[in-house]
Amino acid sequence: MSALLLAALLSTAPADEAKAALAPFKKSLMETLLTALKTSPEAALDVCSVRAPQLAKEASNAHVTVGRSAFKLRNVKNAPPAWLAPVMAELTKEKRGTQTSRTVAWPGGGTGYAEPIWAGAACLTCHGKNVAPAVDAKLKQLYPADTARGFEEGEFRGVFWAEVKP
């Protein structure tokens, strides 16, 4: 195998690991949120505040850690790691709805990976410009410092991210 081909295979492996770890997290989070939303927006907020961190932990392992982040945070525990903020800035410039990603190789080893989250219609129930009074009250109770509102459908909401250890 040529050195160039070997280097290409090695450079894509962390991104593949990141995608593989993110896939079940994204799927289970969306299914859980949409199921809860059928009950009520307040039930969906409970999923975001309690179940989402658990799902991220369940999808992570000793080699890959997954999560989500945004510039407009609802939960301060989702603040972006240092490597992620410039990646998110790049992704905000992408065309709405684009299926894209960014991979960052860290100087000391390891890799960061991020995919955009585009605000869907269901997201606007809690993240849109006009939320119902009961939703507003629950948001204020759960997230006193909430800034994750005012989105329009298709707008950049944040990212799913993964960190792959060397």
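1. In strand β4, Y113 has A162 as its bridge partner. Strands here are DSSP runs of E with at least two residues, helices are runs of H or I with at least four residues, and both are numbered from the N terminus. Two strands count as paired if DSSP finds at least two bridges between them. β3 (111-118) and β4 (156-164) run antiparallel and are joined by 8 bridges. Within β4, W161 stands opposite A114, and V164 stands opposite T111.

2. On the basis of the note: the model is predicted, local features need pLDDT of at least 70, side-chain atom pairs count only at pLDDT 80 or more, and totals for chains, interfaces and linings use all residues. Residues are numbered from 1 along each chain as its sequence is written, and side-chain values use heavy atoms, with hydrogens and water left out.

3. The strands form an open sheet of 4 in the order β1-β4-β3-β2, with antiparallel pairing. β1 and β2 (102-105) are the edge strands; each has a single partner strand, so one side of each lacks a neighbour in the sheet. Neighbouring strands are turned against each other by 20° on average, direction ignored; the axes are lines fitted to C-alpha atoms, for helices over the stretch in contact, and angles run from 0 to 180 degrees between N-to-C directions. Strands of a sheet pair through backbone hydrogen bonds, either parallel or antiparallel.

4. β1 and β4 pair in the antiparallel sense over 6 bridges, with S69 opposite V159 in β4. β2 and β3 also run antiparallel, joined by 4 bridges, and R102 has A114 in β3 as its bridge partner. β2 and β3 form a hairpin with 5 residues between them, and G109 in the turn has a positive phi of about 105°.

5. Buried means under 20% relative accessible area, exposed means over 50%, and partly exposed lies in between (1.4 Å probe, protein chains only). In β3, 8 of the 8 residues are buried, so the strand is largely enclosed by the rest of the structure. In a regular strand the side chains alternate between the two faces of the sheet. Both faces of β3 are covered: T111, Y113, E115 and I117 are buried on one side, and G112, A114, P116 and W118 on the other. β4 is mostly covered too, with 8 of its 9 residues buried. V164 lies in β4 and is buried, at a relative accessible area of 2%. The C-alpha atoms of V164 and N78 are 18 Å from each other, with the two residues 86 apart along the chain.

6. Helix α5 (residues 133-142) has the buried residues V135, D136, K138 and L139. These cover an arc of only 165° around the axis, which puts them on the same side of α5; the arc is that of the directions from the helix axis to the C-beta atoms. The face turned away from this buried side carries the exposed residues P133, K140 and Q141. L142, also found in α5, counts as partly exposed at 29% relative accessibility. The C-alpha atoms of L142 and L45 are separated by 8.4 Å, although the residues are 97 apart along the chain.

7. The largest pocket holds about 700 Å³ of space. On a 1 Å grid over the protein atoms alone, a pocket is an open set of points where a 1.4 Å probe fits, with protein on both sides within 12 Å along at least five of seven lines; lining residues have an atom within 4 Å of a point. Grid points are joined across faces, edges and corners, and a volume is the space filled by probe spheres set on the points. The lining has 35 residues, of which M30, L33, R68, I117 and C123 lie nearest the centre. α1 gives the largest share, 7 residues.

8. By class, the lining of the largest pocket has 19 nonpolar, 10 polar and 6 charged residues. Nonpolar covers Ala, Val, Leu, Ile, Met, Phe, Trp, Tyr, Cys and Pro; charged covers Asp, Glu, Lys and Arg; the others, Gly among them, are polar.

9. The second largest pocket holds about 180 Å³ of space. Its lining includes F25, R68, N78 and W161. The largest share, 4 residues, comes from α2.
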